[in-house]
Amino acid sequence: MELRSYIIRRLLLLIPVLFGVTIFIFGITMLFSPIERASLYVQDARQMTNIPAIIELYGLDQPFWVQYGNWIGNVFSGNLGWSRVAGMPVWDAIWNYLPTTLELAIFATPIIILMGIFLGSQAAAHKDRPLDHGTRVMAIFGWSLPTFWLGLILIMVFYGAIAGLLPPGRLTTEIQTLVNSAEFTRYTHINTIDAILNLNGAVLLDALRHLILPVITLSVTQVAFIMRLMRSSMLESLGKGYVLTARAKGLAERVVVNKHARRNALIPVITVAGYVFAGMANGVVITETIFTYKGIGWWSAQAAINLDIPSVLGFALFNAALFVLVNLVVDILYTRVDPRVRLGGTVQ
Amino acid sequence: MTRKFLLSFVAIMVTLAMVIPGCGSETPPELPSTYIGSGALDGDGIPVDFFSDIDVRKAFCYAFDYDTYISDALNGQGVQRGSPVVEGLYGYDPGTPMYSYCLTEAVDHMQDAWSGDAWDKGFKFTLLYNAGNLPRKTACEMVSEAWAGIGNTYAEEPEKFQVGVQALAWPTILGKIFGTRDMPMFQIGWLPDYPHADNFIVPFMHSQGTFSYFQGYGDSTLDAQIAAAFQDTNPTTQQAKYDALQQQYYDDAPGIVLAQPIARRYFTQHISGFYYNPVESSYAGRVLDLSKSDAGGDIPYLHPGYFTFETIGDIDSLDPAWIYDTASGMQVGMIYEQLLYYDGNSTDTFQPLLATAWSFCQTDLTYHFTIREGVTFHEGGNLTPADVEYTFERAMCQDRPGGPVWMFFQPLMGGDVWGYDDTDFAAINASVEVDGNDVVFTLSSAAWELPFLQILSGQWACIVDKEWCIDQGDWDGTESGIAAVLHPQNAGDTVLYDLTNGTGPWKLNTWTHSDQISLDKNTSYWGGAVPFDHVVTKVVDEWTNRRLSLLNGDADLVYVPATRFDEMETEESKLKVYKDLPSLSIDAFFFNMIIGGPPS
């Protein structure tokens, strides 16, 4: 199948997916009574006498289809609703929080994937030798560390014990003031990229200083996953006939491992790497919360806790779209790594 | 694959379409509540009017261990009160009696209740609290354990008095208190709108009160008493009437008044000038009165010129007419100013701000405020009496549901006028008028003489610039323009949501939603020197980060929840700590006298 028609077909599939996801989530929120949903607009008891007015204002006692119809009608006119948690329209909130999360993902994903692939293939190539055992222990250790625990320990050591070295948050107060000022242009709202575009070393260094701990936290826990997957996939391809052939041809072991075995072992890793990135781009709730690095994960978690329905629906739309797109990219990547894979068909 | 997917998608949709319309609308159960067991006084439940018997209520008041509650649930940070009127409010009576923990009294009253049936048969019901609220959970468990103990010791029947405890989400609890009304007892707290006994007595005791209405307490006699106390303009006789009402709450025992919480503040040693006013919505106190200088000590002196406050939770809006939460009040109070403000830590004397003088005329019920001259807004406009008139008319014509503006309607219009829909533009227009350099408010009753000043000290009464607001597309000051601004749905629907132009010591630089708000010094502030070039408020949910920020000198003040006071004790030598600050709030149990509400 042609690449273009394949992409179009896959994107068309987005429509029923998004429709189903929103109807499902909207349906779940309807399990709450109008009074319960109205009380979400109330901060304290002083406002409770206004509950009937709030129900009427937001149409909370309307039938399901009317309320869903209103919402979807607004979506088609480009209005995803108001996010109470973010204090801005949902669409703006997604664009507001995404850069923060992308900043984390941009730094963490390559570290996780490259380290995972490297360590995994090394472990497989040295199966049952000290290097393999060492990485296995590392993997078990990293994978079983709770993120919140590791994050807090890192903060206590690098911000508490070594006072003020690697602070939480995104920028230091003074640097934040500089970034907010007219002297600094915010192109992407990704601090490191903006700092480079503004040729401002102080901002870049400060942004990196704040990135180190969250990126370490994310990497330690996730690299283990890719590493173990790479190891088993690699072991499988090292046992294949073509590796034997390559060795029989007298190729150097390095070439056998790196070129023949590793390339074929990459397919499952690519699938998972796609999800690692997607999982990170739709937010890493605990890391973002612990390091006061408020991205889209923090926002979605807050929206869910506070039953901020327009935000939850908007996030679901974003998430579904992201996963469909990442899946598509992964499928296209397969064909680059393994020429036998054909789009829309079966493996030949 | 695609066809199978579409089929299952259609199947899910059809199922949802069948299931969902039935949800959300409550089908009436046979009993009005699932929390009252059998619904009868047969030892396996309670009748819906169980708590309408005063002896039942008194028995429960005596069976609550107040001291243990304060030491365990509140970490010792609370004081028991006899009625909802707490210390610090105008009209508070320190002489109101209080129930003490006394199981023999509890037994006596329960033996008298329901002609002895309650004691002979026993009872069984369930208490609910909002999940995650530890003090409320502890209070419920204490009620449960006390009655289990009474069953064991005094009735010699361990299972005779069973009080179950169950957690539910906060919205669900609110829905039960104010909607289905099916909880036998509920726990909730109250904060002041303005520091006056009336503001606490009405919700707790009036037949239409926020809580009392939903528990079925209050009657026309009591309503008349409450109105008489409020309307009395003689301070001495008024106090006597409020004393009597507080005594009445004790006598009727419609609820278990738990405790008035006590707050603390933790600053670095570099900050001085803090004083506590219990009505102040700013956690930092009045920031204008603070100052920062290197005081040595263990915490490094960092970020000179900055006042950094780390807290939890973002603000709702920067529109004075919208805000009703303390966090927004703190920011608005730094950017804008009111006509007058509380004097020091007083809650009933005032200092001039944008008004230089004021006087009340008993005969025609007018309040005259002389507006300060030579004050400019951040964007350059001059403060005029017309701005003041516009500010209050704008608020009343905006009147967001659930907002603070009822506090203008009530003193100005009185009676049943709580919002724009209860009156019209002509009345609003007539209630605030410009008279030369004065602004004249016409009150509905002389009783509002003091409470109106308290209301005007709130951040909802901050003055905005009329011409500038109209230029930005806000209400144009005419009756025909009201429809466009009336009853806004979302905070962002009002023009002043994140556009600001006040007369205050700081102006808004950036509000990064849910992350931080930074304010810059207003270099042409009319009131003289401004202590900080920048005031930054950061939202930091994680306690460890806030604590370390304070100890590292990155923050000057952080929000410390009462549960962390113990942890801070070892750090106190490095900090400036203010203790034993009474909050103007109260948590109470309410006995629901008609569970499920009155039969319709």
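**Questions about a predicted two-chain model**

In chain A, residues 24 or more positions apart account for 71% of the contacts with a separation of 6 or more. The model is predicted.

Student: Happy to start with chain A. How many helices and strands are there in chain A?
Tutor: Good place to begin. The C-alpha trace of chain A spans about 85 × 55 × 40 Å along its principal axes. As for its elements, the count for chain A is 16 helices and 2 strands.

Student: What percentage of the residues in chain A are buried?
Tutor: A residue is buried if 20 or more other C-beta atoms lie within 10 Å of its own. Chain A has 348 residues, and the buried ones make up 41%.

Student: Let's pick one residue. Is Tyr242(A) buried or exposed, and why?
Tutor: Tyr242(A) sits in helix H12 of chain A, which covers residues 241-248. Because Tyr242(A) has 12 C-beta neighbours inside 10 Å, it counts as exposed.

Student: How many Å apart in space are Tyr242(A) and Asn319(A)?
Tutor: In sequence, Tyr242(A) and Asn319(A) are 77 residues apart. In space, going from C-alpha to C-alpha, the value is 40 Å.

Student: Now the two chains together. Which element gives the most to the side of chain B that touches chain A?
Tutor: Across the two chains, 51 residues of chain B are in contact with 55 residues of chain A. Elements giving two or more residues to the chain B side include helix H1 (2-19), helix H7 (170-180), strand S8 (306-311) and strand S17 (534-539) of chain B. With 6 residues, the one that gives the most is H7(B).

Student: By class, how many charged residues are on the side of chain B that touches chain A?
Tutor: Let's go through the classes on that side of chain B. It has 21 nonpolar and 22 polar residues. The charged residues there number 8.

Student: In which sense do S8(B) and S17(B) pair?
Tutor: S17(B) is mostly covered, with 5 of its 6 residues buried. Thr311(B) stands opposite Val539(B) in S17(B). S8(B) and S17(B) pair over 6 bridges, and the sense is parallel.

Student: And which residue in S17(B) is the bridge partner of Gln516(B)?
Tutor: Strand S16 of chain B, residues 516-521, is joined to S17(B) by 5 bridges. These two strands run antiparallel. In S17(B), the partner of Gln516(B) is Lys538(B).

Terms used:
Residues numbered from 1 in each chain as written. Chains lettered and ligands numbered in written order. Predicted model: local features only at pLDDT ≥ 70, side-chain atom pairs only at ≥ 80, totals over all residues. Helix = DSSP H or I, 4+ residues; strand = E, 2+ residues; numbered from the N terminus. Contact = placed C-beta atoms within 7 Å. Nonpolar A, V, L, I, M, F, W, Y, C, P; charged D, E, K, R; others polar. Pairing = 2+ DSSP bridges.
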